Amino acid sequence: MIEATGLTKHYGRTVAVDDLSFTVRPGRVTGFLGPNGAGKSTTMRMVLGLDRPTAGRVLVNGKRYAELDQPLRTVGALLDAKWVHPNRSARAHLRWLAKSNRIPVRRVDEVLEMVGLSQVAHRRAGGFSLGMAQRLGIAGALLGDPEVLLFDEPVNGLDPEGILWIRQFMHRLAEQGRTVFVSSHLLSEMAQTAQELIVIGRGKLIAQTSTEQFIRDATEDTVRVRSPQLDQLRALLGGARVEDSPADGALVVRGVEAARIGELAAANGIVLHELNPQRGSLEEAFMQLTKESVEYQAHD
Amino acid sequence: MIEAIGLTKRYGNTVAVDDLSFTVEPGRVTGFLGPNGAGKSTTMRMILGLDRPSAGKVLIDGKPYAKLDRPLRTVGALLDAKWVHPNRSARAHLQWLAKSNGIPQRRVDEVLDVVGLTKVAKRRAGGFSLGMSQRLGIAGALLGDPKVLLFDEPVNGLDPEGILWIRRFMQGLAAEGRTVLVSSHLLSEMALTAQDLVVIGRGKLISQSTTTEFVERSTENTVRVRSPHADKLGAMLVDKGFTVREDGEGVLIVSGATSDQVGEVAAGGGLVLHELSPQRGSLEEAFMQLTGDSVEYHAETGK
Amino acid sequence: MTLLAVERIKLFSTRSPWWCMLLALGLTVGITAIIAGNWNEGPMPVLGAVFAHTFGLYVVMVMAALAVTTEYRFGTIKATFQAVPDRISPMVAKAAVVTALAALVGLAAGFGSWGLSWLLAGDTSQLALESANDWRHVAGVGLVYGAGALLALGVGALVRQTAGAVSIILVFALVLESVVGLIPNIGDDIQKWMPFTVASKFIMGDPDQGGMPADAGPPTVGALSPWGSFGYFVAIAVAMFVISLVVVKRRDA
């Protein structure tokens with residue numbers, strides 16, 4: 001469990017994080033979203049005691065990070081895969097980390113195996129591809145078999161197989177009752193990964209809710225209808241807002257439930273070829289809610 | 001248009017690209033997919049004349065890259081956003097690129113504006129975030145207003161707004177009739193972006209088709225049906241020879257039928273439908289199915 | 001003890017510390033060999049064998065500064081502070097390991113130079129280690145290297161950048177301390193208290209009668225006795241290191 005209370009960080013005059021309060025619960029994967037410059041990294045650094053809050057505090061399992069005894073056994077984190085000495089071997093990197101928290105050396109080989117780096121354990125980390133470096137970072141996070149895990153853009157540099165692997169892996173960690181807190185910009189990926197969301201913008205909390213709720217609140221559900229008697233159906237829908245989808249002649253209906261359209265069709269003997277309720281995407285919901293807080297607005 | 005014909009690249013004993021032939025058509029966004037080490041980057045480098053093929057050739061609008069007159073006006077590419085001198089300003093970087101291909105200087109300001117970097121144009125590129133470097137790289141690719149564009153992991157480091165922007169941007173370029181080839185590992189993103197796919201594994205072509213075909217070919221297509229008369233509908237569908245599976249109260253998953261067929265059966269029996277949704281597999285599922293044995297580092301799946 | 005092992009793993013799992021140590025040793029011993037081989041002003045004194053110790057000192061200090069600046073350069077400092085969030089203990093452990101290592105290199109450089117002089121010098125009648133002063137000249141190199149490493153580590157932790165830390169150390173030691181002596185009137189008085197000048201006094205100062213031919217080797221200046229000089233140098237090193245600890249503890253990682 002991670003609890004932030006009134007967490008604030010100023011850099012000179014810039015307010016990076018502004019009175020931020022949230023809770024990350026165990027047993028679920030919680031996504032941490034926000035535009036560039038929203039304060040996500042700063043927040044994660046404060047969770048790990050790397051940056052000192054200007055005000056407020058953040059507790060991990062009820063304690064400040066600095067008060068944790070052998071913290072790697074409580075919190076594992078992957079913030080930046082590049083935080084490895086390039087001339088040190090993968091194994092040596094994990095060995096000193098393990099030693100610092102009295103984690104047995106055999107665990108080093110275990111986690112290397114887990115992330116699929118056993119074969120390159122003795123190669124210098126500087127020669128690793130981004131994907132391999134990412135796996136090494138994940139291995140480091142897992143070293144202490146921690147209850148709380150923080151990942152910042154974990155799929156960065158991974159190939160499709162690695163992306164699928166880390167997603168399933170995070171789900172499994174959460175199922176084991178661990179707290180999994182993941183920051184990412186890849187919303188299509190996060191929609192599949194995170195059950196809960198914490199969304200911030202300009203250092204302030206925008207939403208803390210389940211992913212489903214977040215999408216439902218910010219987007220409108222539509223129903224895609226295809227039928228050989230589309231004009232008849234359109235007439236029946238009367239005042240409902242409909243629009244045609246030019247690609248395949250489907251009708252997109254807003255504000256009427258699929259079940260209701262189905263009843264109408266059946267009552268009037270209209271054949272349906274498709275009656276497909278469409279959810280908004282996490283991306284649409286996110287854009288809707290964070291409109292005001294983006295850093296470099298590109299335009300065309 | 002990009003045409004690879006029998007393209008092959010060997011590094012010593014390693015075959016990075018192996019007799020690869022494919023065509024990238026104009027007017028569409030084509031995704032270039034493959035596991036790590038499949039040879040995607042090598043192929044892109046050969047397209048740009050950075051690496052020399054061991055055999056075969058790759059042509060851009062009918063010519064090898066080296067034969068292009070003022071290549072930046074034909075091909076724009078973003079391969080690695082870090083290929084910028086860190087102490088040079090964004091603007092200076094684009095200015096020398098423009099100069100090298102006789103592109104007017106006002107185009108520099110235009111592309112900076114297009115990618116939203118006008119305000120930081122005079123700052124040194126070394127201080128840029130990955131997202132800003134990425135935008136600078138994209139600006140460079142656009143400089144010569146080229147007909148063919150290559151992007152390698154273009155959303156790398158971009159935030160959600162940037163990702164949405166680049167997706168729409170690439171689709172816009174394709175809609176203008178340009179050839180757009182995008183390599184990426186983010187399949188959920190590519191499913192939204194690419195109309196066509198070229199998929200390679202271990203240097204060989206695995207598939208070239210539209211995205212829809214690719215997914216349909218390698219995943220099972222089912223129809224999800226919700227109805228207050230699910231039992232009756234189920235029985236009728238089984239009679240027609242379709243495979244039906246229950247998935248909770250009043251929900252059927254039908255295999256072997258199109259949603260059109262299921263809808264006709266329901267209408268024939270006068271049955272009310274609450275939902276009739278064709279279910280497609282994901283691009284990820286299809287990709288895993290087809291490239292299963294050509295990945296480089298397998299992580300252990302158990303814990 | 002655990003943290004000492006952590007720092008030992010960190011230091012020896014990359015190559016640059018090995019290169020620095022070899023270079024420190026090679027440079028000091030090598031230059032001494034040239035001096036010894038060309039010594040022709042009568043018997044070679046013990047002091048003659050340690051003239052070159054400053055070369056190794058600079059290299060060892062660069063190594064010490066690197067031990068901390070590379071952690072900042074490559075971001076491993078974050079992993080270090082994640083693993084041990086009190087920050088002080090890993091820094092102290094690092095100082096202990098680096099200082100001890102530097103001292104060992106210093107001892108090897110001191111005795112190595114002396115041993116080689118014994119082999120190469122024409123007249124070795126004055127080279128035997130017979131007095132406490134003789135021992136100080138040679139073994140003192142180890143002590144100065146150790147203290148110098150601590151000083152450099154402090155500078156490195158404060159500056160965080162390799163180039164910055166190395167330039168500060170080298171410019172201070174090689175340029176500033178000599179230039180200061182050129183300031184009219186007060187220059188000499190200031191120079192007397194400059195750390196590297198004082199450290200040099202510890203090793204080179206107050207030789208036995210006849211231990212040093214006139215106007216050979218660098219002059220030694222300073223108001224303190226040799227051991228007082230060492231105390232002064234150590235005090236500066238410790239002070240610098242303690243300041244760096246306070247800053248590291250307060251600063252965002």
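**Chain interfaces and helix packing in the predicted model**

In the predicted model, 30 residues of chain A are in contact with 25 residues of chain C, contact being defined as heavy atoms within 4.5 Å. The area buried between chain A and chain C is about 2,500 Å², of which carbon and sulfur atoms give 60%; buried area here is the accessible area (1.4 Å probe) that two parts lose on being put together, summed over both. Within chain A, the residues that lose the most area to chain C are L50(A), W83(A) and W96(A), which together account for 27% of what that side buries.

As to numbering and selection, residues are numbered from 1 along each chain as its sequence is written, and chains are lettered from A and ligands numbered from 1 in the order in which they are written. Local features need pLDDT of at least 70 and side-chain atom pairs count only at pLDDT 80 or more, whereas totals for chains, interfaces and linings use all residues, and side-chain values use heavy atoms, with hydrogens and water left out.

Across the interface of chain A and chain C the rule finds 1 salt bridge, a term that denotes a side-chain nitrogen of Lys or Arg within 4 Å of a carboxyl oxygen of Asp or Glu. K9(A) forms a salt bridge with D252(C), with the closest N and O atoms 2.6 Å apart. On the side of chain A that touches chain C, the elements that give two or more residues are β1 (2-11) and α2 (90-100) of chain A, helices (H or I, at least four residues) and strands (E, at least two) being DSSP runs numbered from the N terminus. Of these, α2(A) gives the most, with 6 residues. By class, this side has 14 nonpolar, 6 polar and 10 charged residues, where Ala, Val, Leu, Ile, Met, Phe, Trp, Tyr, Cys and Pro count as nonpolar, Asp, Glu, Lys and Arg as charged, and the others, Gly among them, as polar.

Of the 2 pairs of chains in contact, chains A and B share the most contacts, with 58 residues of chain A in contact with 52 residues of chain B. The area buried between chain A and chain B is about 4,600 Å², of which carbon and sulfur atoms give 55%. This interface holds 3 salt bridges and 13 residue pairs in polar contact (both at pLDDT 80 or more). The largest share of the side of chain A that touches chain B, 9 residues, comes from α5(A), and the residues of that side divide into 28 nonpolar, 14 polar and 16 charged. E283(A) forms a salt bridge with R167(B), the closest N and O atoms being 2.6 Å apart. Over all chains, the whole structure contains 42 salt bridges. No contact joins chain B and chain C, whose closest C-alpha atoms lie 15 Å apart.

Within chain C, helix α6 (residues 132-159) and helix α9 (residues 195-204) pack at an angle of about 155°, with their axes 8 Å apart; axes are lines fitted to C-alpha atoms, for helices over the stretch in contact, and angles run from 0 to 180 degrees between N-to-C directions. α6(C) and α9(C) are therefore roughly antiparallel to each other, given that angles under 35 degrees count as roughly parallel, over 145 as roughly antiparallel, 65 to 115 as roughly perpendicular and the rest as oblique. Residues making this contact include V141(C) and L151(C) of α6(C) and F196(C) and M204(C) of α9(C).

Methods. A polar contact is a pair of N or O atoms within 3.5 Å; within protein, one must be able to donate a hydrogen and the other to accept it, and residues adjacent in sequence count only if both atoms are side-chain atoms.
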